Amino acid sequence: MNAIIKTIDRFNKLLGVVLALLIMVMSAVIFYQVFSRFVLEDSLRWSEELARYIMVWSVFIGSALAIRKRDLISVDAIKELMSARARNILNIAVYLVSIVFLAILVNYGFVLVGNISAQLSPAMNISMAWAYSAIPIGSLLMIINCVAVILEVILDLKGGSEQ
């Protein structure tokens, strides 16, 4: 199990780099759009669309990383009243339900991508599949990180976690 967790963590480091690059590109595009509009007095048609699509991808990748770091918002009032073992079992149940939801999202996300793949974006004239594919791919990344968290919790339950 530790090998699987370490592999997922290495993959997440790559995802972190991709996320950082996406945010840098988005920031540069938005900065240039503002500069172009107010200094050069000529607006770019494609910049807002590109920034929007990058933001969508960033949210899905960032959510996957947040799941792995257990940084998503949750209500812990009931968990605080439970024993450590019961809390771990509840965490496993929550992540399993999340995996089911995310698997549904993956399925319908691929259906959606297939349905809109011929549609072109208004400003950049690229297939809308590029933007919408963030849904199934991001959901797959979240499932992978849910599995890593479940494996860690199982190791905690067994008392064999060294992390």
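Q: Which helix gives the most to the lining of the largest pocket?
A: α3 gives the most, with seven residues, where a helix is a DSSP run of H or I of at least four residues, numbered from the N terminus. This is a predicted model, in which local features need pLDDT of at least 70 and side-chain atom pairs count only at pLDDT 80 or more, while totals for chains, interfaces and linings use all residues. Residues are numbered from 1 along each chain as its sequence is written, and side-chain values use heavy atoms, with hydrogens and water left out.

Q: What volume does that largest pocket have?
A: The volume of the largest pocket is about 410 Å³, counted as the space filled by probe spheres set on grid points joined across faces, edges and corners. A pocket here is an open set of points on a 1 Å grid where a 1.4 Å probe fits, with protein on both sides within 12 Å along at least five of seven lines, and its lining residues have an atom within 4 Å of a point.

Q: And which residues are closest to its centre?
A: Of the 17 residues lining the largest pocket, L72, S74, K79, V94 and Y95 are the closest to the centre. Two elements, α3 (84-116) and α5 (134-158), each give two or more residues to this lining.

Q: How many of the lining residues are nonpolar, polar or charged?
A: The lining has twelve nonpolar, three polar and two charged residues, with Ala, Val, Leu, Ile, Met, Phe, Trp, Tyr, Cys and Pro taken as nonpolar, Asp, Glu, Lys and Arg as charged, and the others, Gly among them, as polar.

Q: Switching topic, where is L22, and what does it touch?
A: L22 belongs to helix α1 (residues 2-38), and beyond its neighbours within four places in sequence it contacts I54, W57, S58 and I61, contact meaning heavy atoms within 4.5 Å. The C-alpha atoms of L22 and I54 are separated by 6.3 Å, although these residues are 32 apart along the chain.

Q: How many helices and strands are there overall?
A: There are five helices and zero strands, and the C-alpha atoms fill a box of roughly 60 × 35 × 35 Å along the principal axes. Buried residues make up 35% of the 163 residues.

Key. Buried means under 20% relative accessible area, exposed over 50%, partly exposed in between (1.4 Å probe, protein chains only).
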